[in-house]
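I opened the notebook to look at helices, a pocket and a few single residues. My entries follow in the order I looked things up.

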Amino acid sequence: MRTYYIFNVNRYFSYMYKNKPFKMYKMFEEIYYSKSYDTVAAPFNKIMLNEYIYYEFKLKYGYKRNGNKHNLNTSENSTLQINNYNIKLITENNYSIFFKYLNNYNNNLFVC
């Protein structure tokens, strides 16, 4: 199983570090352990994002939602948990279908 952490990068940092993913990764690694996201990462609108994911997947076989946790058990087995400043995705695949929908929702996301 692979675990990904997805952050909503504010526009300034997105612009400044667009071509420097390793520096962005190290910055988020440090921020993750200190839990002070407010300067680099913008918070997610959890209600809106949960409803968006639910709307996109509600008719798909094998999809279940429990609060902020979305489970998909089809051709892939994935769990997406939406938190205030990050999204945790646990999946069997290198590229989960959740990535496609998250990118459509917001293109300033950084995946670790």
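I am working with a predicted model, where local features need pLDDT of at least 70, side-chain atom pairs count only at pLDDT 80 or more, and totals for chains, interfaces and linings use all residues. Residues are numbered from 1 along each chain as its sequence is written, and side-chain values use heavy atoms, with hydrogens and water left out.

**Helix α2.** α2 has 14 residues and spans 20 Å from first C-alpha to last, close to the 20 Å expected at 1.5 Å a residue (the expected span is 1.5 Å times one less than the number of residues).

Which residues of α2 are buried? I found Met-24, Met-27, Phe-28 and Ile-31 (buried is under 20% relative accessible area, exposed over 50%, partly exposed in between, with a 1.4 Å probe and protein chains only). They sit on the same side of α2, because they cover an arc of only 95 degrees around the axis (the arc is that of the directions from the helix axis to the C-beta atoms). That made me recall the general rule: an α-helix has 3.6 residues a turn, so residues three or four places apart point the same way.

The face turned away from the buried side of α2 carries exposed Phe-22, Glu-30 and Tyr-33. The buried residues of α2 pack against β1 (2-8), α1 (11-16) and β6 (109-111) (contact means heavy atoms within 4.5 Å).

I also checked Pro-21, which lies in α2. Pro-21 is partly exposed, at 49% relative accessible area. Its C-alpha is separated by 9.7 Å from that of Cys-112, 91 residues apart along the chain.

**Asn-86.** Cys-112 came up again here: Asn-86 is 26 residues from it in sequence and 10 Å in space, C-alpha to C-alpha. I placed Asn-86 in the loop between β4 (77-82) and β5 (87-91). Buried or exposed? Asn-86 counts as buried, because its relative accessibility is 7%.

**Helix α3.** Next I took α3, residues 46-57, with twelve residues and a reach of 16 Å from first C-alpha to last, close to the expected 16 Å. Its buried residues are Leu-49, Asn-50, Tyr-52, Ile-53 and Phe-57. They fall within an arc of 160 degrees seen down the axis, so they line one face of α3. Exposed Ile-47 and Tyr-55 are on the face turned away from that buried side. For packing partners of the buried residues of α3, I noted β2 (63-66), β3 (69-73), β4, β5 and α4.

**Gly-62.** I found Gly-62 in the loop between α3 and β2, partly exposed at 26% relative accessible area. Leaving out residues up to four places away in sequence, Gly-62 touches Asn-71, Leu-72, Asn-73 and Thr-74. Asn-50 is twelve residues from Gly-62 in sequence and 17 Å from it in space, C-alpha to C-alpha.

**Largest pocket.** How much space lies in the largest pocket? I got about 350 Å³. It has 15 lining residues, with Asn-107, Asn-108, Leu-109, Phe-110 and Val-111 nearest its centre (on a 1 Å grid over the protein atoms alone, a pocket is an open set of points where a 1.4 Å probe fits, with protein on both sides within 12 Å along at least five of seven lines; lining residues have an atom within 4 Å of a point). The elements giving two or more residues to this lining are α2, α4 (97-105) and β6.

Technical notes: Helix = DSSP H or I, 4+ residues; strand = E, 2+ residues; numbered from the N terminus. Points joined across faces, edges and corners; volume = space filled by probe spheres on them.
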